[in-house]
Amino acid sequence: VEGQRLALESALSGEALGAHDVGYCCQHGLGMEKDEVKAVGWYRNAAEQGFAVAQNSLGVCCLDGFGMEKDSAQAVVWFRKAADQGLAIAQNQLGWCCEDGIGMEKNEAQAVSWYRRAAEQGLASAQFILGKCCENGTWMEKAEGEAVEWYRKAAQQGLAVAEYQLGVCYQTGRGVEAVAVQAVRWFRRAAERGLAAAQYQLGLCCRDGIGVEKDEAEAVEWFWRAGEHGSAATQHDLDACLFNHETQMEMQAQEKEAAKYRRAAEQGVSIAQYKFGLCFQDGVGVEKDEARAVMWYRRAAEQSLPLAQHRLGWCYANGSAVEKNDALAVSWYRKAAELGHAPAQYDLGVCIEEGRGVAKNEEQAAMWYRRAAKQGLATAQYQLGVWYHNAKGIKKKNSHAVRWWRKAAQQGLAIAQHQVGVFCQQGTSTKKDEAEAVEWYRKAAEQGLVIAQYDLGLCYDSGRGTKKDEAQAVRWYRKAGEQGHVAAQHKLAQCYHHGKGTVKDEVEAVKWYRKAANQGSLAAMATLGECYQHGTGMGKKDERRAVNLYRSAAKGKKGLHKAQYLLGECFQNGTGVKKNEAKAVTWYQRAANRGNVHAQHQLGVCLENGIGVKEDKKRAATWYGKAAKKGLKKAKEALLLLQQQQQQQRRRRRRQQQ
C-alpha cells in the first residue's frame, strides 16, 4: 500500500515512472479498484514523456483492447517507439507484429532483425524464437549450431520451452554432439516447470534407460503428468507402464520418494510441497487424500510456485476436495499465468472464453492462448489455430491457423495432426499434398483419433494420397467403427455386404448396418430395411420391420430419398403394409423432387397409367425425361414409347378430322 501511495504521489508530480506504476496498479487492481480505462490514461501520460516501458504497456493495451478499442496499427506505433529506445520486450513484440502482419505489412526479414535485437539484450523468449529461426532456416540461412547457442541462453534463464528444445538438440545431435545425459538434464528442467512435451520425453528416457538409469516408476510419474494435457501417445505409454508387472513392483519404491518429499515439504521447499501434494492426489507412496493434496498445493502456491498455483486453480475448477469455485480457479490460474506458466495461461484462456469465473472476453482469451502457444503448449497452439480459422477473437487467417496446427501436430497432438491432414488434402492455405495428408491422418489415427481413422480408411478406399488398398480401408473403418463412428460403421457394413476388402459376410454386414442405424444413420436404416425385406443376412424376411425402417429414414425435411422411394414401392405393392397406391405416389413424388432417378421413373409410370393419381401423360413424359437425362435406360425406353403412342394418337385424330 505504501508503494502505491508513493507511486501516486510521484505520478501526480508528473514523473513518468510513477505514472506508469499507477497505471499498472489500475490495470491489475493492486491496492486500488481495477480500472483499465484509467490505466490506459496513466500509461499514455508516461508514454508521451518518452518512458519506454510505458510505451510498451500502452502498445499491449492497444493490441489486446485493454481499456480502449483494439487498434493493432497504433500498438505497432508504440512498440516501435519503445523498441527504438532499446526496450527488449518491445523489440520482441514488434518482431511478432512483423512476422504475423499485425498492424503493419508482413515483413519476415524485419521480424528476424527485431528478434535478434531483443535476443542480444538477453530476452529469453526472443532468444528462443531466434533459435527456432536458425534451426529451421526460417527467413534466414539454416544454422543449427547458432540455434543451440540461442536455446542455451534462453534455457539458462529458465524458459521451459527452450530447455526442452535444447534437450531435443542433445538427443538428436542437431547443432551439437548428441549426449543423452545432457538431453535428460534439460528435459528434466523443462518437465519440472510443467511442460508436457518435456514430461513425456523424460518419461520415455526413464522408461528406456536413455541418459538416465532405467526407472519405470519415475516414467509412470512423468507420463501421468504429461497425460494431464490430453496426449493420447502419453496415455498409451502410461497404460503400458501401469500394466507392466515390473513397474507395479517398482512403484512400491515411491513410498520412499513420498517420504523424501515430506521432509523437504515440511522444511518449506515449494517444489517438494507441490510434489507431495501430487502424491496425496494420486495415492502414490501415501494413502490417497485429496484434501491434504490441496493443503500442500496451497502452501506451495502461496510461495508463488506456478505449478502449484495452476494445480490449486484446477482443484477449485473441478471441486476436488474444495467447494467448486470458478472465480477462485481463475484467480489462481491468473497468478500462474502471469508468471509464465503455459498450462495456466491456456486454462485461463478457456475460462475467459467461456465466461467461467470471469467476464467473457474473446480478445483476452486469444491473448492468453497466444502466450501459451508461443511457449510451445500444443493444446494452446491447436486452439489458437481454431480461432484464426473461425475468426473468433482475432481476424480470420487460415495461413496462421495452419502454422499453429503444424506446431501442435509436430508435438504429437492428434487433433492437430488430423486438421493439418485435412488442409493438406484440400490445399487450403497450404500446398495441396494428398500424400502428406495421409501421413498426418496416419499419425493421428495411430493415437486413436476416430475421425482420423475414418479419413485414413477413405484414403485407402479411394486411393487418394496412397495406393488403393481396400483391406487397409476395412481395417481403419473397423477401428473407427468400434469407437462408435457412424459413417465408418456404415462403410464397414457395405464392405462386408459386397465383399470389398474382406470376405463377403452378410450377417456381419447386418450387424454393422444395425449399429449405424441405431445411431441415426438414414442410409444404414434404408439398407437395413432392404435386408429385412429380402431376408439378407438374417435367415427370414420381416417386411413389416423393413417398412418401419424405411419410414424412419424417409420422414422429415432431411428424409433420405432412397427410403422414400422404397416406402413408395411398399405401399404400391402392399409389402409389409396395406396396399395404398395414392400414398405410394406421395412418397414417389417426395423422392422424385429430391432427385431420386428410380422414383422419377416410377412416378412417370403412375402418371401415365393413372395409378394412385389422375392420369396425366404430359407430366409422365416430364418425369420420364428427368430420369432419362440421368441415364436410366428404362426411363428412356418409357419416354420413347410414350412419345410414339402420342404421335400415333395425333395421326388418328387428324385422319378422323379428315
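Reader: In which helix is the place of Q165?

Author: This is a predicted model, in which local features need pLDDT of at least 70, side-chain atom pairs count only at pLDDT 80 or more, and totals for chains, interfaces and linings use all residues. Residues are numbered from 1 along each chain as its sequence is written, and side-chain values use heavy atoms, with hydrogens and water left out. Helices (H or I, at least four residues) and strands (E, at least two) are DSSP runs numbered from the N terminus. On that numbering, residues 160-172 form the helix that holds Q165, namely α10.

Reader: Does Q165 count as buried or exposed, and at what relative accessibility?

Author: Buried means under 20% relative accessible area, exposed over 50%, and partly exposed in between (1.4 Å probe, protein chains only). Q165 counts as buried because its relative accessibility is 10%.

Reader: Which residues does Q165 touch, not counting residues up to four places away in sequence?

Author: Contact means heavy atoms within 4.5 Å. With residues up to four places away in sequence not counted, Q165 touches F128, K132, E135 and Y151.

Reader: Why is α21 described as largely enclosed by the rest of the structure, and which helices do its buried residues pack against?

Author: Helix α21 covers residues 342-354. Because 12 of its 13 residues are buried, α21 is largely enclosed by the rest of the structure; these buried residues include Y346, L348 and I352. They pack against α19 (306-318), α20 (326-338), α22 (362-374) and α23 (378-390).

Reader: What covers the buried residues of α25?

Author: Helix α25 (residues 414-426) reaches 19 Å from its first C-alpha to its last, close to the 18 Å expected at 1.5 Å a residue; the expected span is 1.5 Å times one less than the number of residues. α25 is mostly covered, with 11 of its 13 residues buried, among them H418, V422 and F423. The cover includes α23, α24 (398-410), α26 (434-446) and α27 (450-462).

Reader: Which residue takes a positive phi just after α25?

Author: Just after α21, G355 takes a positive phi of about 70°. Just after α25, a positive phi of about 75° is taken by G427.

Reader: How many helices and strands are in the protein chain, and what is its radius of gyration?

Author: The protein chain has 37 helices and 0 strands. It is more spread out than a compact globule, because its radius of gyration is well over the 26 Å that the globule rule gives for 658 residues. The radius is taken over C-alpha atoms, and the rule is 2.2 Å times the number of residues to the power 0.38. The radius of gyration of the protein chain is 33 Å.
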